Amino acid sequence: MEDLDLEQQEPFPVDRNGRRIGDGADRPDGDPPPGCCERFHLSVSKWMLPEDHREKYLERANCFPPPIFIILISIAELAVFIYYAVWKPQKQWVTLDEGIWKSPLTYKPEARQEAWRFISYMFVHAGVQHIVGNLLMQLLVGIPLELVHKGFEVGMVYTSGVLAGSLCSSIFDPLSALVGASGGVYALLGGYFMNAVVNFREMIPLLGVFRIAAIVIFVATDFGFAFYRRFLSEDAGLKVSFVAHFGGIVAGMTVGYVFFSAYNQKLLKDPRFWLCIVGYLLFLIFAVVFNIVLSPAP
């Protein structure tokens, strides 16, 4: 029988206690089966990471602390929506009532000198379908991402998408208002999408096809609703820009891709990180100058 070189064998994924995670038939007698947390992290690793990073993730994965950023930002967005829904009930999902337009959080072109609105607009939503879609997608994608990459990375990508969305809207659709967290959601989707495409073969091809198809279907549907609200809706009042979707997904496919592809690596030593930082700062400077000097908005 040919001798096996153990050093050349593929390592088995193990949990944080050093136990191999696999089928029950492969477990030594007396070794307890993996718990719910271990099985959950094994699934997360298959969905979020290429094969060569899964073992490292499984070695140190645990359910504490929980993905606090995505949970807190989702609770805050839901709380703001409930506040305006109770104070000024909305009649239908495409109707933006007066209470929302008077909110100090909504981005409005005539109030763009109030700089916080370029970020705070993400807390205000147009209706039930609007917030349910955003919350569902950011929880489904954001929680696994934060388990793998932690809150700082996910928070940076999310915030960069929100800011890029409002700045793009102020440049390319300068007379339109803006509400919703779509910029942040699309940033998470863009970063995840790029990783699924680049690491397609290493992230289980069948699941890769499903992931990419699901993202494309969601984006196409959401863009369709946003386009309808902007150009085809006959409701009176300010029109809501859909350009934030583009800004968010571009931020995700650049900044998000760098953050999410650098698992277990030092970002400061990655030249792609500095390239994205410089590019984002140049875009930010241009957007500020445009809004001060060139914008046709009042």
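1. The protein has 10 helices and zero strands, where helices (H or I, at least four residues) and strands (E, at least two) are DSSP runs numbered from the N terminus. Along the sequence the pattern reads α-α-α-α-α-α-α-α-α-α.

2. This is a predicted model, in which local features need pLDDT of at least 70 and side-chain atom pairs count only at pLDDT 80 or more, while totals for chains, interfaces and linings use all residues. Residues are numbered from 1 along each chain as its sequence is written, and side-chain values use heavy atoms, with hydrogens and water left out.

3. Of the 298 residues of the protein, 49% count as buried, that is, under 20% relative accessible area with a 1.4 Å probe and protein chains only. Among contacts (heavy atoms within 4.5 Å) with a separation of 6 or more, 71% join residues 24 or more positions apart.

4. Helix α1 (residues 36-48) packs on helix α6 (residues 128-172) at an angle of about 100°, and their axes are 10 Å apart. Axes are lines fitted to C-alpha atoms, for helices over the stretch in contact, and angles run from 0 to 180 degrees between N-to-C directions. The two helices, α1 and α6, are therefore roughly perpendicular, a term for angles of 65 to 115 degrees.

5. At this contact, F40, H41, V44 and M48 of α1 meet V141, P144, L145, L147 and V148 of α6. By class, eight of the residues are nonpolar, one is polar and none is charged. Ala, Val, Leu, Ile, Met, Phe, Trp, Tyr, Cys and Pro count as nonpolar, Asp, Glu, Lys and Arg as charged, and the others, Gly among them, as polar.

6. The largest pocket holds about 360 Å³ of space. A pocket here is an open set of points on a 1 Å grid where a 1.4 Å probe fits, with protein on both sides within 12 Å along at least five of seven lines; lining residues have an atom within 4 Å of a point. Of its 17 lining residues, W47, M48, L140, V141 and Y192 are the closest to the centre. At least two lining residues come from each of α1, α6, α7 (182-198) and α8 (205-232). The lining has 15 nonpolar, one polar and one charged residues.

7. Y186 is in helix α7 and counts as buried because its relative accessibility is 0%. Beyond neighbours within four places in sequence, Y186 contacts F218, V219, D222, F223, H245, G248 and I249. Its C-alpha atom is 9.3 Å from that of G165, 21 residues away along the chain.

Key: Parallel < 35°, antiparallel > 145°, perpendicular 65-115°, else oblique. Points joined across faces, edges and corners; volume = space filled by probe spheres on them. Buried < 20%, exposed > 50% of the residue type's maximum accessible area, 1.4 Å probe, protein only.
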